[in-house]
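Please open the model in your viewer and keep the selection panel at hand. The stops below go from one selection to the next, with a short account of what is found at each.

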2 protein chains.
Amino acid sequence: MEKLMNKYSERREELLGFENKFKLDYSEQDNIKFHPDYSFAVEFVDRVRCYEWYNLWFKAQHTEVGAPFLDTKNIIAKTKLFELIKKMPKGGLLHAHTDASVPLGDVFKIAHKYGAFIQIKSTHPLTQHNIHFGLAKISFRPANQDKLPSIDASVMLTESYETGTWCNYNQLAQLAQHPDNNNIIPFIEKQMLITAEESYITHNTMGKIWSKFGSCFGVLSGLIAFEPIWEEYIKRLVLRCVEDGVGYVETRLLLINELSYDVNCNLRLTRRDSILIFLRGVESAKDVLREEGRLDKFYGINIIYCTLRFVSEDELWNAMLTCLDIYKEFPTLIKGFDLVGHEESPSGHTLNDYLETLLRFQQKQIEEFGDIKIPYVFHAGETLHDGSIVDDNLYDALLLGTRRIGHGYSLYKHPTLMQMCKEKGVCVESCPISNEVLRLTGGIGNHPITCLINHGVPVTLSSDDPAIFQNAILSYDFYMLINHSNKTNLGTLKVLARNSIEYSLMDEEDKSRVKGKWEQDWEEYVRWLRRQGEEWK
Amino acid sequence: MEKLMNKYSERREELLGFENKFKLDYSEQDNIKFHPDYSFAVEFVDRVRCYEWYNLWFKAQHTEVGAPFLDTKNIIAKTKLFELIKKMPKGGLLHAHTDASVPLGDVFKIAHKYGAFIQIKSTHPLTQHNIHFGLAKISFRPANQDKLPSIDASVMLTESYETGTWCNYNQLAQLAQHPDNNNIIPFIEKQMLITAEESYITHNTMGKIWSKFGSCFGVLSGLIAFEPIWEEYIKRLVLRCVEDGVGYVETRLLLINELSYDVNCNLRLTRRDSILIFLRGVESAKDVLREEGRLDKFYGINIIYCTLRFVSEDELWNAMLTCLDIYKEFPTLIKGFDLVGHEESPSGHTLNDYLETLLRFQQKQIEEFGDIKIPYVFHAGETLHDGSIVDDNLYDALLLGTRRIGHGYSLYKHPTLMQMCKEKGVCVESCPISNEVLRLTGGIGNHPITCLINHGVPVTLSSDDPAIFQNAILSYDFYMLINHSNKTNLGTLKVLARNSIEYSLMDEEDKSRVKGKWEQDWEEYVRWLRRQGEEWK
């Protein structure tokens, strides 16, 4: 029997070892053994995770490891493991929409600063009754003194408010400071984010949750498509990324309207102007970082230019021409082109619908530059369906040479496409918390990312729309994965972070410079972990 | 541009075609083309599905395709597609636990018949208040006249009921007919099933939902471990299967207690006795079927003998010895051995924990029979975790030569094990509705079954514990899959049905006989579909 048991153990070891070779982080796991500090760090992080599994999660009555993000965020934020993950140099944020990346707290702070130039209207009076029953929908717009309404914002709080009338936001914000009205700002804020109750209970279909999701952008856009706010918004974006251990960003920028508001609240800023202000915002952030002596933690920010998947083929072509013009002026800034919006919306288009224009854009670039300078970086397969036209977007994304796949949620159902991603080096921008809040999955345990990692498909982690999902820039996504999967350790996270640089769209020179910086930061992090580990019980 | 478009279309076609070759039903899809009636049937079912997608699901405000089973069951039950699926000859039910397979309505009917011999007790008086707040937990037991309590069951409905006192169930059931008490039977019934609210809202961790799930078995066992009910229960099981288009069953039988109650309510039936009564039940069912002229729709029923994964190694060995004894007396009836119970329970054991005994059981069979006559048919990987000891059960199940894998929920995360299943012909008993009610997945769209099918891993569909999940024998599981996945058509379902015979554990002779019968039934079904299709708008 002993012989039989030994033989069995050998076979078991062999099988596990063989399967591990497929894993995305296989060679990295080997690496760990040869670096004592790194080994120590990996073991320390594992130790903290195990400790919290047993002493926090397993003992908890009302939650568990892998429970939904919005239900557990407040617990996670207080854990030691989260503290360690937060500090980690995460490389790049490759999939996040510019207009939903900065925490709402920051957005409100900026908005209050320019409150005198912002107007608010509501579909219903902001009475306590309407607030309680969630009956009022609000909108913002910038407006200069001339356009200021004569009515006082205090009217908004009474039944005599004529719905749809614009009021000064400053006045309202001041009224909201009164204890009787202290639920007004939270009520407005809720219109820009998705709550646990909405995601998990009330908005229980794709249609309902995406309708709420879309309306958040509507409210937000009334604030940020305004020169001074836009500039500070971008500045905060950079600072928040650096704070969360993210040094590089490829932000998906959708300038939905042809014109935005300038500093005088005139609707006259072109998309090119918005890019210039974007760059000013980046420079302001760099000034701050320089002053604080941590400019080296910021590696850079670039843009993936986007339009909506709801536009006509002509509108798409126009967006592409605008993108080309902007690219010509800012050739190092524009790194790719994408289509955004709910892939499954009945009014949306598949990649195949747009095929002719998508091919023509590539042709035009080849004619002009002899090469494709603005590659596609498509959203594809953000769906639960199997063999639907949205699932099929994965075929078209890959055939059209997408450099990465945004979400790729349904990719794990495609053996051939998984193989293609491995062979061609197409990386999946996986967004576990986004997919959870938008109801594709009940939690990280059911998210395809572990399947992709175990099959060796290139993956990075992203947060998509962190502001709306009450998410941080990237730390929670990293936390969810490592806390859930036993096969994920610090080495796995390092591979995901490294992928975010390797599969970025920087040119080779920048990439190698950034990689060097990140590696330095990583070494520093490992040393910090050692000190932490030595202090920890 | 046209040339470019054409070339693109060709490449696209090629890629889709190439990937389709991996799919489990690839050759079956080819088959369809050559059989006009079959083609018609496939197209008709697709037509009905599409019609209902657009005219029912997409227009619905509060639900959608792929929404949770318990929320949509009542809608599904009224659809034409469900009517067509219900009639389908589904082959075999390979993964269902005997004591949770018969609809509760049937169980109550049998219980009421023998109500004079059944006692009930409760942890709290069955007052309207306690019923309303769900405070009372009830239990059943068989009891003969001598043991009947002197107290009247009507006391149970008052505060003066001394909790834990046994009362006659017949009396209670009669009182429950009074309009004032018409919530008593539903209240008792809810203790044997999982409600939508429990699964999706209140019991929101694995611990909570499995605790409820386990308690359902406790209530049920008080009724069915009693000779007359057990016999009728098995009879109904066969009849319900046939009614749902299931001709063959490999039921997982757990005779948890050493003794059950005989017809005189004496605790003296051995496990062997229970098997004899089981066979009497099967014969009664056959009598009914014979009378109704549809005995040919029943292909047979066999047993996978089970014990709990919570027992000690000694207890496991004893269960194996009992199983061997029973096998020797009923060699064609006992088809395999399995361990049941919550894989993730902290008090449960992994396969590796039991390794020595599991190997010894195989050794003993080889010594006695020169071969393994009672193969393992293990539950494994019924988990959301990745690389946990429960996930690792998959390695041990396969290394121990499991003939099929029960659930195999986490198998899709294992490239090597998927390949092993394909090469060795190990079939996954996939239970999508069970996995949903027990909170592994939010719906069929996130269930790994489509991934496994697309990767060509052998799969069948099962319902696990249909009584507790408010599920039918098999129709809803088939419906969920075909209604959700565009890549699934009648041909795919046929493959799943055929697999349930091919991967069954019948000997070759029986298997080929049953296969012949099922093929005949299938032909008949296809002809029926043609008639249905010709009548349908």
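A charge is taken to sit over a ring if NZ of Lys or CZ of Arg is within 6 Å of the ring centre and within 35 degrees of the ring normal. With that criterion in mind, and remembering that this is a predicted model, select B:R530 together with B:F40, where the arginine lies over the face of the ring at 4.3 Å from its centre. Then select B:R49 and B:W53, for here too an arginine lies over an aromatic face, with 5.9 Å to the ring centre of B:W53.

Next, display both chains and consider how they are related. Chain A is superposed on chain B by a rotation of 180 degrees with 0.0 Å of shift along the axis, at an RMSD of 0.0 Å, and that is the relation of a two-fold axis. To find the axis from within chain A, select A:G442, whose C-alpha is the nearest of that chain to the axis, at 3.0 Å from it.

Now colour the interface. Here 60 residues of chain A are in contact with 60 residues of chain B, and the area buried between the two chains is about 5,700 Å², of which carbon and sulfur atoms give 57%. Of the interface residues of chain A, 100% are also interface residues in chain B, so the copies meet through the same surface. How many salt bridges are counted between chain A and chain B? The count is two salt bridges, and to look at a salt bridge between the chains, select A:R12 and B:D396, whose side chains meet at 2.7 Å, N to O.

The next stop concerns aromatic rings. A search of the whole structure finds 47 aromatic pairs over all chains. Begin with A:F82 and A:Y479, which form an edge-to-face pair with 6.1 Å centre to centre and 70 degrees between the planes. This pair links distant parts of the chain, since A:F82 belongs to helix α5 (residues 80-87) of chain A and A:Y479 to helix α20 (residues 475-484) of chain A, 397 residues apart. Are these two residues buried or exposed? A:F82 is buried, with a relative accessible area of 6%, and A:Y479 counts as buried at 1% relative accessibility.

From there, select A:Y412 and B:Y412, which form a tilted aromatic pair with 5.7 Å centre to centre and 50 degrees between the planes. The pair crosses between chains, from A:Y412 in the loop between β11 (404-407) and α17 (415-424) of chain A to B:Y412 in the loop between β11 (404-407) and α17 (415-424) of chain B. A:Y412 counts as buried at 2% relative accessibility, and B:Y412 is buried with a relative accessible area of 2%.

For the last stop, select A:L295, whose place is in the loop between α13 (271-291) and β8 (300-308) of chain A. A:L295 is partly exposed, with a relative accessible area of 24%, a value that falls between the limits of under 20% for buried and over 50% for exposed. Leaving aside residues up to four places away in sequence, A:L295 touches A:K286, A:L289 and A:R290.

Note on methods
Residues numbered from 1 in each chain as written. Chains lettered and ligands numbered in written order. Predicted model: local features only at pLDDT ≥ 70, side-chain atom pairs only at ≥ 80, totals over all residues. Heavy atoms only, no water. Least-squares fit on C-alpha atoms with pLDDT ≥ 70 in both. Contact = heavy atoms within 4.5 Å. Helix = DSSP H or I, 4+ residues; strand = E, 2+ residues; numbered from the N terminus. Buried < 20%, exposed > 50% of the residue type's maximum accessible area, 1.4 Å probe, protein only. Phe/Tyr/Trp six-rings, centres within 6.5 Å; stacked < 30°, edge-to-face > 60°. Buried area = accessible area lost by both parts, 1.4 Å probe. Salt bridge = Lys/Arg side-chain N within 4 Å of Asp/Glu carboxyl O.
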